[in-house]
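Here is a short briefing to read with the model open beside you.

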Amino acid sequence: MAHTGASGEPRRDALVAARAPALAGDDRADPAELLEFGDALAEFDRDWRYVRVNANYEKIARKPRSQILGQVVWELFPDTARRDSRYWVEFNRCMRERVPVEFEDFYAPLDLWTAINGYPTSTGGVALFIRDITQQKRAEEALRRSEEKLRLAKEAARMGAWDWNVVSGELIWSERCKALFGLPPDAPMSYERFLAAIAEEDRAAVDAAVRRALQMQEPYEAEMRVPLPDGGIRWIASHGHGYYVDGKPVRMAGMAMDVTRRKLAEEALREADRRKDAFLAVLSHELRNPLAPIRNSIYVIEHAPREIEAGRRALEVLRRQAEQLARLVDDLLDVARITHQKLELQLSRIELGEVVRRAWADARGLFEQRGVALRTASAGEPLWVDADAARLSQIVANLLNNALKFTPPGGQVTVATRRRGPDCEVMVRDTGLGIAAADLERIFSPFVQAGEGPRGGGGLGIGLALVQELVARHGGSVRAESGGPGRGADFVIALPARAGPGAEATPGPAATDGTGGALSVLVVDDNEDAAATLADLLALMGHRVATAGTGRAAIDAVARSRPDVLVCDIGLPDLSGLEVIRTIRAAAAGDAAIFAVALTGFAQPEDRRAALGAGFDAHLPKPPPLEQLEALLREAALRRNPPAAP
C-alpha cells in the first residue's frame, strides 16, 4: 500500500530504502527510527544471530524479544535453512557479497505475504526490513482470478454448440460451430455432412470415437483436422455427452472449439525436441573428434620414455582435462538419453575399489586447488560388481564433484568402499553445508539445484539425477544422509556384490593373432591426427598398422592387403563407414572374416544399432576406451585362430 504526505513524500518502500544506509553506516542509529510505517525489523551479526528486533518482528516470530535475541535465525525458522529457500539464497548473498537484496515471500504459519529488504551493516551483519503486503497480494490474486474468468468466458464465446438426435438423424449446429468447420450459416446438417467436413485421414477415427461413446455410454472426445479453402488446416476439439432411454442412445450434444494454436505449439515442441536431439548428436560427434587424438597421444606419451618431470606433469594435466571434457560430453548426452529412456550399459565384472582409486586420482588435483582434503578408505578386500566401467566412474566422479561444490576450503571429503550384506557400497562423505531433511529425496530430481555452495553453486543440475538413474540401471540404489544444514552429507551407492572372476578371465598384456605374431590393422579416419595417433597407439601394442583417409581408399586397401582388423570412422568425406562395411562384406566370402570395429563420434544408441546392422562387429565412441579396444583386439585374435579343442 502506498503512503504519501501532503508535500508528496516518497512511497514507503523508497523511504525505507533511502534511510537504511543510516544503519549500515552509523552503529549509533536506532533502527526503530526507520519504522515509520509499522515495518518489522531484525538485525543479525555475521554468525546470523539476532542482535536487535522490534515489536512487529516479535509478532512474526510469535516469541518475546528475550527469546529471540542471541538465537540463530536458521534455528528459529528451520524452513528458511533449506538450500532452495529464497531466504537462504538471498540472505546469504547479502551477507557474502555485501549487497542489498529485496524479494517477496509467503509465510504460511501466519498466512502472511511480506516484502523483504536486506542491507549489509558496518559490523559485518545484515539488517532486514519486512513489510506486510498481504492485502496487496490478495487484491492481485482477485484480479488474476477475474482475468481468468474473463478469458474462459471469451473462450466459451468462441465455442460452437451441436445437438444430434440419434434416432431421427437430425443434427443442429450453431452458426459458430458451422463457421469452425468452414460451412455457411444456412448449410443443412447431418452426421454424414459432419464427417465429410473433416479431413479424410481423420474420419474413421472420429466416427469410431462417436460410436464407442454411444455404445459404452461414456463421454465423447475427439480432435480432428478441417481443411480450409486456402489450403490450410484448422484443428477442432469436440466433446459431448449422450442421453439414453432404456439403455439405448437417443441424443448426443456437446461443444466444439478451435485448438489450432495448441496443436501447432505441440508440433513446434516436438520439432524442437527432435532438433535438440540432433544437435546433441552433432555436438557429441564434434567434441569427440578432437578427444580421440588427445587420448591416443596420452597413451603414446605414457608408454614412451619419460625423463623430464615437467613433461610428466603436463601429461597429467592433459589426461585430466581430456577426461573432464569426455565426462561433460557424456553428461550432456545423458540428458536426452534419460528423457527418452535410451540409456544402454556395457556390463562386465569389475573391481569396485579400482574404479574408486582411479576416480580419486583424477579428482585429487582439483581438490588441492580448492583447498579441500580428499581422503580414501578401502574395504580391505576386492569388491566385485557387474557394471559398466565408464558409467560407474561417471557416478563416482559426479558424487565427488558434488561434494567439492558444497565443501568450503579447509574441509574434507572422503570416498570409501565397504561390503555391507549382499551389497558393495561406495560412500562419499563431506564436511560441507549439509542438507535439510526435506531435501534429501528432492535433490535427486533432474535440474534441481540444492542451493548455493561456498563458491556460488552452479552446474547443470543433472549430476545427482544422473547418479540415481545410472545406479538404478545397475540394479542398485543411492541415498543421501545428513544431520542437517552445516553438518555435512553422505552419499551412498549400493550395488549387488558378485563373485570374483577366475584366473582364466585375466587378460594378457597384448592382443595377438594367437601364434605370437601381431594383428594387421587398417585404421580409416579422415581426421589425420586421429588416424595417426591411433596407429601409433596400436603399433605400441605390437600390431602392424596401415591408415586410410577415405571410404574408397579403405575398400581398396582391404581388397589389396586383407587385414585382420578394420577400425573405421562412420563420417567419411566420400562414403559413410556404413557403406564401406557393406561393400566389404558383399565383395567376397573371405572378406567376411575381417573383424570390423566402428569408431565414431556418433555415439547414440541408434548409431550403435545402425553400425551393427550394417555389418560391423563392434561399435566404440570416440575417444575409444582403451580397455575396450584391447578387449576387442583379443576377441579378433581368438576369432582368427580359435584355441584347439582338447
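This is a predicted model: local features need pLDDT of at least 70, side-chain atom pairs count only at pLDDT 80 or more; totals for chains, interfaces and linings use all residues.

The expected span of a helix is 1.5 Å times one less than its number of residues.

**Helix H8: length and faces**

- Helix H8 covers residues 200-216, and its 17 residues should span 24 Å at 1.5 Å a residue.
- Which residues of H8 are buried? They are Asp202, Val206, Asp207, Ala209, Val210, Ala213 and Leu214.
- Looking down the axis of H8, you will find these buried residues within an arc of 160°, so they line one face of the helix.
- The other side of H8 carries exposed residues: Glu201, Ala204, Ala205, Arg211, Gln215 and Met216.
- The cover over the buried residues of H8 includes helix H7 (191-197) and the strands E6 (160-165), E8 (220-227), E9 (233-245) and E10 (248-258).

- Glu140 and Lys137 join their side chains in a salt bridge, with 3.6 Å from N to O.
- Both residues sit in helix H5 (residues 134-157), three residues apart, or about one turn of the helix.
- An α-helix has 3.6 residues a turn, so residues three or four places apart point the same way.

**Salt bridges between distant parts of the chain**

- Asp258 and Arg234 also meet through their side chains in a salt bridge, at 3.6 Å from N to O. This pair links distant parts of the chain, with Asp258 in strand E10 and Arg234 in strand E9, 24 residues apart. Asp258 counts as partly exposed, at 30% relative accessibility.
- Asp386 and Arg498 form another salt bridge, and their closest N and O atoms are 3.4 Å apart. Here 112 residues separate the partners: Asp386 is in strand E13 (residues 384-387), and Arg498 is in the loop between strand E17 (489-496) and strand E18 (520-524).
- Asp386 is partly exposed at 26% relative accessibility, and Arg498 is partly exposed too, with a relative accessible area of 41%.

- How many salt bridges does the model hold? The count comes to 32.
- Salt bridges also link Glu223, Arg262, Lys263 and Glu266 into a network.

Key. Residues are numbered from 1 along each chain as its sequence is written. Side-chain values use heavy atoms; hydrogens and water are left out. Helices (H or I, at least four residues) and strands (E, at least two) are DSSP runs, numbered from the N terminus. Buried means under 20% relative accessible area, exposed over 50%, partly exposed in between (1.4 Å probe, protein chains only). The arc is that of the directions from the helix axis to the C-beta atoms. Contact means heavy atoms within 4.5 Å. A salt bridge is a side-chain nitrogen of Lys or Arg within 4 Å of a carboxyl oxygen of Asp or Glu.
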